[in-house]
Amino acid sequence: MTTKKQIILAAYVGGVNEHTAWEHPDAGSQIAFSTFRHVAQTAERGRFDYFFLAEGLALRARDGRIFDHDIAGRPDTLPVLAALAAVTEHLGLVGTLNATFNEPYELARQIASLDHLSGGRAGWNVVTSFDAFTGANFRRGGFLPHADRYVRAEETVATVRELWDSWAADAIAADKDAGTFLRDPRAGAFAHHGSQFDIEGRFTVPRSPQGRPVIVQAGVSPQGRDFAASTADAIFSPFSTLEEGRAFREDIRARAARFGRDPEHVKILPSAGFVLGDSRADAEEKARHILDQQLSDRTIQVTFEQVWNRDLSAYDLDGPVPDVDPDPEAPSFIQGRAFIFQDRFETVRAWRELAAKRGLTFRGLARAVARGPQYVGTPAQVAEELDAFVQQGGGDGVVLGSHVVPSGLDEFVDLVVPLLQERGSLRTEYEGTTLRDNLGLPAPDRLVEPALVGAVGR
């Protein structure tokens, strides 16, 4: 009998944004530890692979003033994950940490420490930043040109790995009779001399329980895809349809092979949402209601202003799409938010064509282009469609979020997870103890350059 491919599941808490209905009666705090604990423990009850925490380094601003429907008061990633390590046993703990503003030594030390505290369940979602608005919070400011952000990120990750690999797995003897603690007195020695970093010394954290913490990345551009394919163990993808997901997965796997990697060791996980109902029609009605909650007048305006890069407050949302063109040369009207549209003029042109073809108002266009939940139906329908997506190569699993935090994941775990387990596509019990075990990834070989050892052993 052929064993079915196992679905990888991650639980995502992204903070307050235009997708999160923080006004909902069931919505809880975005800051309290009880919120993160509930989501993590629910995910572990559903035998998820990991918990994923996003990062907000700057509050989004509109025309110089903070836009209050955004990530506000978000705690730092690492303390939250360290606390969750104490209330979970098997769930992986993946945090988003910026490679632009953080130094390799502190990143390596923080993530390796989390890995030890959790018994080998830590992961690092590597992100970059190039905008001066976010960079103003840091000593280095927004000094990185857009084209250089992956140059720094690549060297950051490579240097962090060198530090992690500076300890052998058996470096600690802890021989009480002989009074010998270190088997190798050079344990932790490192020297890295590159274009971005010139550091040398001793790394203080012994080798990870899982060899190295797991690396997650979300590259979509050609440069980003190469970075992800050469570096990441898992990739957070925006492509959630079968056709787009399969094309992206095949492209990443081909790139990974060109980098000498086993394509099976790179997991592709698109983000996804869900809405459950007693019937397909019931679920679709719920999804429409959720979208109405998410698309407040203010959210529609600010979302479009990000694309037009100009003040649109004078335009009636129930009127036609504005005939004014985007102004890409002006200072950023919306700051602190990643711009996901590559060509403002082409995006607006396509939206105008869509509005004209379907007779849409500005508000109607917002509904038409909004990215709704991918899985809408009964629990059985959602289980079948998610299973088909993975089995047919759209991805290796999904990263699930909900519009209501912290309870939104509950019904997926209660109603869909048992059906996936019945289909043989999801574990009923954890088989290993580390995040790499969960993901089916082997422990990495320790990469030690003889020249490095010789240079530092003096």
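Which residues line the largest cavity? Lining residues have an atom within 4 Å of a cavity point, and a cavity is a set of points on a 1 Å grid over the protein atoms alone where a 1.4 Å probe fits but cannot get out. The lining consists of Ala11, Tyr12, Val13, Val39, Leu400, Gly401, Ser402, Val404, Val405, Pro406, Gly408 and Leu409.

The model is predicted: local features need pLDDT of at least 70 and side-chain atom pairs pLDDT 80 or more, while totals for chains, interfaces and linings use all residues. Residues are numbered from 1 along each chain as its sequence is written, and side-chain values use heavy atoms, without hydrogens and water.

A search of the whole structure returned 2 cavities of 30 Å³ or more. Volume is the space filled by probe spheres set on grid points, which are joined across faces, edges and corners. Strand S1 (residues 8–13) gives the largest share of this lining, 3 residues. By class, 9 lining residues are nonpolar, 3 are polar and none is charged.

The chain contains 15 helices and 17 strands. These are DSSP runs, numbered from the N terminus (helices: H or I, at least four residues; strands: E, at least two). The C-alpha atoms fill a box of roughly 80 × 55 × 45 Å along the principal axes. Of the 458 residues, 50% are buried, meaning under 20% relative accessible area with a 1.4 Å probe, protein chains only. Among contacts (heavy atoms within 4.5 Å) with a separation of 6 or more, 74% join residues 24 or more positions apart.

Note on methods. 1 Å grid on protein atoms, 1.4 Å probe; cavity = no way out; pocket = protein on both sides within 12 Å on 5 of 7 lines; lining within 4 Å. Nonpolar A, V, L, I, M, F, W, Y, C, P; charged D, E, K, R; others polar.
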